[in-house]
Amino acid sequence: MTQLPLRAQLASALGRTAATLSRATGRGDGSVIGGRVGLALEPDLLRKLAQDRKLALVSATNGKTTTTRLITSALQELGDVATNAFGANMPAGHVSALSSAKHAPYGVLEVDEKYLPEVINTTGAGVIVLMNLSRDQMDRAGEIWLLAQKWRRALAGKNTHVIANADDPLVAWGASTAARVTWVSAGQPWKEDSWCCPECGGPLDRKGMEYTPPGGHVSGMVTSRTAENDWACRECTFRRPEPSWFLDDDAVIDPRGQRWVLDIQLPGRANRANAVVALATAETFGLPVQRALPRLREVTSVAGRYTTVQRDGRHARLLLAKNPAGWLEAFDVLDRSLPVILSVNAQGPDGRDTSWLWDVDYRVLRGRPVYVAGERRLDLALRLDVAGVPFQLADSFEQALAAQPPGKVDVIANYTAFQQIRSEFGRAV
Ligand SMILES: [Zn+2]
């Protein structure tokens, strides 16, 4: 790796010092402040830190933190990897991540969807990973179309290799200007933001379609489940690109048609989809499935997600759900035999508008004890009442937890509610 210019070295070192001070004074992990200090001293620092590294950028509405972690874990098989493990996914966080692993030949960076074009341009990353696009609390579907359009412009004319989910029409559209794309069939359970063709606005057909796998060589192995993910515009030629990697229930099918059982420790369909994307990405770095997969199995929790906190014999497993698509993924992970506590806030990072609660189908929760907490518990209570889901209201998460019999309970919380529970209940176990 070439030596950084003196100014960039100084900016990088001072940024690290600021991060250390921030940590020492209990102001968080310091990755954002450190990066800001570095960028203030050397605005070109991110580009300088990125050059000469093999970089992957990971973006999506849901799953980017987890997938970043999975890819990082896989690439550690090849050497040191710089990564923004704390989810600081804007340029200051990227500066901090690369600065604190100066000599790592690899980098895997989670990137906020809105910042992706800027970070692609600045870092010149060779690999871009795109998984799903759906509305966040604050966003409406029109805005995610604009976002995909910006991705298209940023990818056009660059020598990048994109790994993209072919099952999400908006992602497929956003990725299709790239010079090279590896298409992955990772599924798309949440379809409410993509009934229209992003190219022409026509209706998308999604079922009753004949499906032939690439070359036909995996026929008989690809189940009807993967064919269900096919889609095509009724009014123009835009349709699902042919995937070369497939998530098939609890397994991945690689481009050679070989089936590998995933058996990763992270729960649920969404994490199996993340794992398939991570394996496809690892292969672009020259790492075959048989070496990458054992590394994915080592990941047990990501930034507090899926960890358990406990008090007085109650063991609460924490699931984060930040938007309608995320709630659908969390429902998939729930243990049907356990009670569930739902906690919803509406602070800045959550989005102040809770109307998105009406987009989620809560009827799946019928038949198990449901407790409702969080600052906006009354909004959620009304939503559950209309859906015919019996529930009990609690003044706080603590009270909801105390109401449980000793043993296990599942918790689904949105962003600040999740962070409150983590800080209040201390170290996850
Ligand atoms: Zn169309």
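This is a predicted model: local features need pLDDT of at least 70, side-chain atom pairs count only at pLDDT 80 or more; totals for chains, interfaces and linings use all residues.
Okay, let's begin with helix α11, residues 289–296. Two other helices come up against α11, and I'll take them one at a time. Two packed helices are described by the angle between their axes and the distance between the axes, and I'll give you both each time.

The partner I'd like to show you now is α10, residues 269–284. α10 and α11 pack with their axes 10 Å apart, at an angle of about 135°. Angles over 145 degrees would count as roughly antiparallel, and this pair is therefore called oblique. As for the hand of it, α10 and α11 make a right-handed crossing. If you want to click on the residues, on the α10 side you'll find Ala 275, Ala 278, Leu 279, Ala 282 and Glu 283. They meet Val 289, Ala 292, Leu 293 and Leu 296 of α11. So what kinds of residues make up this contact of α10 with α11? We have 8 nonpolar and 1 charged, with no polar ones.

Now the other partner, helix α4, which covers residues 64–75. Here the axes of α4 and α11 are 8 Å apart, and the angle is about 125°. That makes α4 oblique to α11. The crossing of α4 with α11 is right-handed. From α4, the contact uses Leu 70, Ser 73 and Ala 74, and from α11 it uses Ala 292, Arg 295 and Leu 296. Sorted by class, the contact of α4 with α11 has 4 nonpolar residues, 1 polar and 1 charged.

Let's move on to α13, residues 377–387. Which residues of α13 are buried? They are Leu 380, Ala 381, Arg 383, Leu 384 and Ala 387. Look down the axis of α13 and those buried residues fall within an arc of 165°, so they line one face of the helix. What covers the buried residues of α13? The cover includes three strands: β14 (340–343), β15 (370–373) and β16 (392–393). And just after α13 you reach Gly 388, with a positive phi of about 70°.

Ala 303 has a phi near 50°, and it sits in the loop between α11 and β12. Ala 303 is partly exposed, at 34% relative accessibility. Asp 312 also has a positive phi, near 50°, and you'll find Asp 312 in the loop between β12 and β13. Asp 312 has a relative accessible area of 64%, so it counts as exposed.

One last stop, Glu 42, in the loop between α2 and α3. Is Glu 42 buried or exposed? It's buried, because its relative accessible area is 6%, and the cut-off for buried is under 20%. Setting aside neighbours within four places in sequence, Glu 42 is in contact with Arg 7, Ala 8, Ala 11 and Lys 48.

Key: Residues are numbered from 1 along each chain as its sequence is written. Side-chain values use heavy atoms; hydrogens and water are left out. Buried means under 20% relative accessible area, exposed over 50%, partly exposed in between (1.4 Å probe, protein chains only). Helices (H or I, at least four residues) and strands (E, at least two) are DSSP runs, numbered from the N terminus. The arc is that of the directions from the helix axis to the C-beta atoms. Contact means heavy atoms within 4.5 Å. Axes are lines fitted to C-alpha atoms, for helices over the stretch in contact, and angles run from 0 to 180 degrees between N-to-C directions. Angles under 35 degrees count as roughly parallel, over 145 as roughly antiparallel, 65 to 115 as roughly perpendicular and the rest as oblique. A crossing is left-handed if the near helix is turned anticlockwise from the far one by less than a right angle, and right-handed if clockwise. Ala, Val, Leu, Ile, Met, Phe, Trp, Tyr, Cys and Pro count as nonpolar, Asp, Glu, Lys and Arg as charged, and the others, Gly among them, as polar.
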